Each structure stands twice: as C-alpha cells, then as structure tokens.
Amino acid sequence: MVNDRGQIYTMEGVAAGLIMLLTAYIVISTTSIYTPGDTHIPDMQLEQLGSDVLAMMDTPDTNGGESRLIELVRGGTGTGDALRDEFLAGCKMRSGGPDDDLRAQVYLSYRTSGGSVKMIPLSSTDPEFTGRENTVRVTRWVQLQTRPTTGMPGDMALRPQAVLVEVLLWRA
C-alpha cells in the first residue's frame, strides 16, 4: 500500500522539520540577553574615552615640543585643577549629546628620594566624591627630565623620572 506519494510526503516532512530546527537554533544563538554582569560595558567605554583623552593631551602640538600633559604635570599641584578641567573638556568634546555629568579626580605617583613610591592628589577633591562611585581608572606615564621646582612635593627625587598620572573618572 505504500507508493511513491507516501515517500515524497515523508521526505517533505523530514526536510520541514530540519528547517524548523535550524531556524530555532539560529534565533536562539543570535539573541543576546543583557544581564547585570554586562554592566561593565559602559565602564569599558568610559575607560577608553579617558584613555584616549590622556593620549590626546600627551601628544605635542609641534614636532619636538612638549605635550600639554607634561606642561600641566610640571605645574604640580597648583595646576592640578587645570589638568582635570582640560581632561573633562576633552571627554565632553565628542559627537552626540552633551555629557555634562562626568567627574574626575587626578592623582600623581612618583618616586621619592628615599626610593619609595608615593601618590598625591594632583587636583582638588571633588565635593561630590564619596568613594562609592562606580569609577574607572585611566593612567598615563609622563617622563619628566628634571624635577619641577614648584608645585611638587619636597621628597620627590631630584633626577629624571617617569611619574604616573592617574585619573579616576565617573558619572555623577
């Protein structure tokens, strides 16, 4: 009682089943679910933005010239707020909507004449900084050929050294 018509219907049913399974696999494998563990993605974007701005500030305007970042670090703690303000202005200078809720705090790590490493705040403390913010840290090494005469701590080594500029960046 089985003829050729029955076999064609069976093959058609098997092919339709395979197509449905393949479609379900493609739909499930391409669906992404945003979980609380994925909240690091905006932090990664903020970190990349801050890193790019520090790199931009560390690029000299002229060949053989000194970068703006080195100029501001040489100014010491007296120009720390200027460094923070220029950094934030660089972060806000992008296409799209305004990003006025960015905050930053700048620190400087250096080697003392005794050989230890010390970290000082280079900018004044943000009045809204509580320590519980979800911050990202961006850093940049700055090579100082001589110790700045003003604005730097007295225990800073009197030789050329690389200092670390650390910026804590967060959204208020």
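This is a predicted model: local features need pLDDT of at least 70, side-chain atom pairs count only at pLDDT 80 or more; totals for chains, interfaces and linings use all residues.
Two strands are said to pair if DSSP finds at least two bridges between them, and by that rule β1 and β4 pair in the antiparallel sense, over eight bridges.

In general, the strands of a sheet pair through backbone hydrogen bonds, in either a parallel or an antiparallel way. In this model four strands form an open sheet in the order β2-β1-β4-β3, with antiparallel pairing. The strands β2, which covers 117–121, and β3 stand at the edges with a single partner strand each, so one side of each is left without a neighbour in the sheet. If direction is ignored, neighbouring strands of this sheet are turned against each other by 25 degrees on average.

On the other flank of β1 the partner is β2, and five bridges join these two antiparallel strands. Individual residues show how they line up: L108 stands opposite I120 in β2, while S109 has M119 of β2 as its bridge partner. The hairpin of β1 and β2 has five residues between the strands, and there G115 takes a positive phi near 100 degrees. The loop between β1 and β2 also holds T112, which counts as buried because its relative accessibility is 7%, and the cut-off for that word is under 20%. Apart from its neighbours within four places in sequence, T112 is in contact with K118, D155, M156 and A157. As a sense of scale, T112 and L46 are 66 residues apart in sequence and 32 Å apart in space, taken from C-alpha to C-alpha.

The strand β1 itself is mostly covered, with eight of its ten residues buried. Q105 lies in this strand, and its relative accessibility is 1%, so Q105 counts as buried. What does the side chain of Q105 reach with a polar atom? A polar atom of that side chain lies 3.0 Å from the backbone nitrogen of D126. The bridge partner of Q105 in β4 is L168, and, leaving aside neighbours within four places in sequence, the residues in contact with Q105 include R84, S123, E166 and W170.

We can now turn from the sheet to the core. In soluble globular proteins, nonpolar side chains tend to be buried together. The largest nonpolar core of this model has 30 residues, of which V73, F87 and L169 touch the most other members. Helices and strands both contribute to this core, since at least two residues come from each of α2 (40–57), α3 (68–74), α4 (80–92), β1 (102–111), β3 (136–144) and β4 (161–171).

A last feature concerns aromatic rings. A pair of such rings is described by the distance of the centres and the angle of the planes. Here the count comes to one aromatic pair. The rings of F129 and W170 have their centres 4.9 Å apart, and their planes stand at 45 degrees, so the pair is tilted. Because F129 lies in the loop between β2 and β3 while W170 lies in strand β4, the pair ties together parts that are 41 residues apart in sequence. The two residues can also be described by their accessibility: F129 is partly exposed, with a relative accessible area of 25%, whereas W170 is buried, with a relative accessible area of 2%.

The loop between β2 and β3 also contains T130, which is partly exposed, with a relative accessible area of 48%. The side chain of T130 reaches the backbone nitrogen of R132 at 3.3 Å.

Definitions and conventions:
Residues are numbered from 1 along each chain as its sequence is written. Side-chain values use heavy atoms; hydrogens and water are left out. A nonpolar core is a set of buried Ala, Val, Leu, Ile, Met, Phe, Trp, Tyr and Cys residues joined through side-chain atoms within 4.5 Å. Buried means under 20% relative accessible area, exposed over 50%, partly exposed in between (1.4 Å probe, protein chains only). A polar contact is a pair of N or O atoms within 3.5 Å; within protein, one must be able to donate a hydrogen and the other to accept it, and residues adjacent in sequence count only if both atoms are side-chain atoms. Contact means heavy atoms within 4.5 Å. Axes are lines fitted to C-alpha atoms, for helices over the stretch in contact, and angles run from 0 to 180 degrees between N-to-C directions. Rings of Phe, Tyr and Trp (its six-membered ring) pair if their centres lie within 6.5 Å; planes under 30 degrees apart count as stacked, over 60 as edge-to-face and the rest as tilted.
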